[in-house]
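Have a look at the model first, then read on.

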Amino acid sequence: PLCSPTEEEDAIRREAVLREVERAQRTNFAHFLLLCLVPTTLLLVVLASVLGDGDVCEGAPAGCSSEPRSFVNAFTTRCICDAVQVEP
């Protein structure tokens with residue numbers, strides 16, 4: 001080359017590249033942390049919902065029981081009661 005960079009110019013260029021790489025690493029780490037935090041939070045919500053369930057049919061008439069959990073009703077619970085025949 002006609003003009004080779006001096007040692008000082010190389011050091012300046014190296015520092016600039018190093019700063020840019022560190023900035024990109026910090027950004028990538030923040031995104032990774034956020035992506036891990038979202039599913040973990042949702043899992044904790046599901047666990048709290050499942051473990052926080054007490055006797056949901058409390059105060060209901062006899063013959064009532066809690067509906068078993070499934071994927072569809074993971075966040076809700078219902079009291080299922082036996083049918084009562086009405087006399088005319």
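1. Cys3 is out in the open: its relative accessibility is 67%, so it goes down as exposed, the cut-off being over 50%. Keep in mind that this is a predicted model.

2. Cys36 sits in the middle category, partly exposed, with a relative accessible area of 35%.

3. Which cysteines form a disulfide? Cys64 and Cys81 do, with 1.9 Å between their sulfur atoms. One disulfide is what the structure holds.

4. On handedness: the S-S torsion of Cys64 and Cys81 comes out at about 105 degrees, so this disulfide is right-handed. Cys64 belongs to strand β1 (residues 64-66) and Cys81 to strand β2 (residues 79-81), so the pair ties together parts 17 residues apart in sequence.

5. Buried or exposed, what is Cys64? With a relative accessible area of 19%, Cys64 is buried, because the limit is under 20%.

6. How much of the chain is buried? Buried residues account for 6% of its 88 residues. The chain exposes about 8100 Å², and 65% of that comes from carbon and sulfur atoms.

7. As for contacts with a separation of 6 or more, 15% of those in the chain are between residues 24 or more positions apart.

How values were computed
Residues numbered from 1 in each chain as written. Predicted model: local features only at pLDDT ≥ 70, side-chain atom pairs only at ≥ 80, totals over all residues. Heavy atoms only, no water. Disulfide = S-S within 2.5 Å. Helix = DSSP H or I, 4+ residues; strand = E, 2+ residues; numbered from the N terminus. Buried < 20%, exposed > 50% of the residue type's maximum accessible area, 1.4 Å probe, protein only. Contact = heavy atoms within 4.5 Å. Areas by Shrake-Rupley, 256 points an atom, 1.4 Å probe, with all protein chains shown as cover.
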